[in-house]
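Thank you all for coming. I would like to walk through one structure this morning, going slowly, and I will stay with what can be read from the atoms.

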Amino acid sequence: MSETVTVDPAPASEQPLLQGLMQFYQYDFSELEPDGSPELDFNAAGLLEPYRYLPDYWTEAGRIPLVIRRGGKPAGFALVNRRFHLGGEADRNMAEFFVARKHRRHGVASQAVRLILAAYPGRWEVAVLARNPGALAFWPRAIAAAPNVSAIVRHDGDVGDWPGPVWSFVAG
């Protein structure tokens, strides 16, 4: 990868940037919806409904909005919070993670994960929808490749209210 990847907290002035990127994230997710699902349909303006929790990332403690950049240009985002699926035994949860298609297969996402885990040490959870094959392939590799990660455990089956595996680990 020839261009530098950075991950920085998004100030409130970048909320519109994350709102725009969220449209592409949700659009990518729309192909995973079962046929006939009313979720992730376009509204009358041809947009997907706004991610309802996004404004909370600038007002609630424990929520961290991050912008992923490649070569100084926006390439994706990560939303970190404290919503846990394994009974509150963690410090951080990767709530949402997105790298635009243009930047995939160039190591951007893996580098972003390494940067995030280095910047935010502690006990982590990453929950992946069972119907998301790309994420199911990506997350175990990205977590295991981070140099500061230990105690990786994959929790299978429906975990609490989550329909898919949850990885727990320590980033230190």
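V126 is buried, with a relative accessible area of 2%, where buried means under 20% relative accessible area, exposed means over 50%, and partly exposed covers what is in between, using a 1.4 Å probe and protein chains only. Before I go on, please keep in mind that this is a predicted model, in which local features need pLDDT of at least 70 and side-chain atom pairs count only at pLDDT 80 or more, while totals for chains, interfaces and linings use all residues. Residues are numbered from 1 along each chain as its sequence is written, and side-chain values use heavy atoms, with hydrogens and water left out.

V126 lies in strand β5; strands here are DSSP runs of E with at least two residues, helices are runs of H or I with at least four, and both are numbered from the N terminus. Which residues does V126 touch, leaving aside its neighbours within four places in sequence? With that exclusion, V126 is in contact with M94, W139, I143, P165, V166, W167 and F169, and contact means heavy atoms within 4.5 Å. In C-alpha terms, V126 and R154 are 9.5 Å apart in space, although 28 residues separate them in sequence.

Let me follow two of those partners. M94 is found in strand β4 and is buried too, with a relative accessible area of 5%. Beyond its neighbours within four places in sequence, M94 is in contact with A78, L79, V80, I116, W124, E125, V126 and W139.

The axes of α2 (residues 108–119) and α3 (residues 133–145) come within 9 Å and cross at roughly 50°; axes are lines fitted to C-alpha atoms, for helices over the stretch in contact, and the angles run from 0 to 180 degrees between N-to-C directions. The two helices are therefore oblique to each other, given that angles under 35 degrees count as roughly parallel, over 145 as roughly antiparallel, 65 to 115 as roughly perpendicular and the rest as oblique. From the α2 side, A109, S110, V113 and R114 meet F138, W139, A142 and A145 of α3. The residues of this contact divide into 6 nonpolar, 1 polar and 1 charged; Ala, Val, Leu, Ile, Met, Phe, Trp, Tyr, Cys and Pro count as nonpolar, Asp, Glu, Lys and Arg as charged, and the others, Gly among them, as polar.

Finally, some residues that are not buried. In the loop between β4 and α2 we find R104, which is partly exposed at a relative accessible area of 33% and is in contact with D28, F98 and V99 once neighbours within four places in sequence are left aside. R105 is found in the loop between β4 and α2 as well; R105 is exposed, with a relative accessible area of 82%, and has a positive phi of about 70° although it is not a glycine. A151, in strand β6 (residues 149–155), has a positive phi of about 55° and is not a glycine either, and A151 is exposed at 54% relative accessible area.

Is G172 buried or exposed? At 72% relative accessibility, G172 counts as exposed, and, leaving aside neighbours within four places in sequence, G172 is in contact with P121 and N148.
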